[in-house]
Amino acid sequence: GRLAGGLHPFRRRGASGWAVPRQVRLEEWSQEWQSMEARLHVVEERLVASGVAVDRGGDFDSWDLEVRTGALASVRIVGTVEEHGNGQQLVRWRAWPRWHPGVAAIIGGLITGGLVAAIDQAPLTGAILLVTSGMLAILSILQAGWAEGLAGLTLRLGPGPRDHEGRDP
């Protein structure tokens, strides 16, 4: 029942969109003042509406939002605002991929086990372990790319309509 309902580790959350998982910097010039908290809230709402899991960073974290499309990888987003007077602002966003800490260890263990099995005259076992490690690596890159694509698309959409206090109309 769980597998049929989509509750499995290989499910994909969110709308379509893919980008090469790498650090991305975006800038947006705004003629209307809006607090950074309001901007983050709009970005978070759009990401949640697209179906991805979004976590907020804490007061002492170096990131503001984390976008997850799967269990293996995510993308973290941080934003800042430069004030330029008369309500004008330059908004800077940075997004970068983050892989689950255990993924590299599991992939490394599978590769090591595959090589040891191949050397130990067990080529079938070695091949299975090496193919499994490759599939896990590809899946983690895909998940990071999906999160990167959705985060980049959401950040490029801009802040959306606001009233003079930064609220949705």
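By class, five nonpolar, one polar and two charged residues make up the lining of the second largest cavity, with Ala, Val, Leu, Ile, Met, Phe, Trp, Tyr, Cys and Pro taken as nonpolar, Asp, Glu, Lys and Arg as charged, and the others, Gly among them, as polar. The model is a predicted one, so to speak for local features pLDDT has to be at least 70, side-chain atom pairs count only at pLDDT 80 or more, and totals for chains, interfaces and linings use all residues. Numbering runs from 1 along each chain as its sequence is written, and side-chain values use heavy atoms, leaving out hydrogens and water.

That lining consists of V24, L26, W93, R94, A95, E148, G152 and L155. Strand 1 (24-30), strand 5 (89-99) and helix 3 (123-156) each put in at least two residues; helices (H or I, at least four residues) and strands (E, at least two) are DSSP runs, numbered from the N terminus. The volume comes to about 40 Å³, and the structure has two cavities of 30 Å³ or more. On a 1 Å grid over the protein atoms alone, a cavity is a set of points where a 1.4 Å probe fits but cannot get out, while a pocket is an open set with protein on both sides within 12 Å along at least five of seven lines; lining residues have an atom within 4 Å of a point. Points are joined across faces, edges and corners, and a volume is the space filled by probe spheres set on them.

Strands 1 and 5 run antiparallel, joined by seven bridges (pairing takes at least two DSSP bridges), and R25 sits opposite R94 of strand 5.

W93 turns up again in the largest nonpolar core, where, of 19 residues, L47, V67, I77 and W93 touch the most other members. Such a core is a set of buried Ala, Val, Leu, Ile, Met, Phe, Trp, Tyr and Cys residues joined through side-chain atoms within 4.5 Å. Beyond its neighbours within four places in sequence, I77 is in contact (heavy atoms within 4.5 Å) with residues including L47, V67, W93 and L155.

As for the largest pocket, about 190 Å³ of space lies there. Helix 1 gives the largest share of its lining, four residues, and the lining divides into three nonpolar, three polar and five charged residues.

Terms used. Buried < 20%, exposed > 50% of the residue type's maximum accessible area, 1.4 Å probe, protein only.
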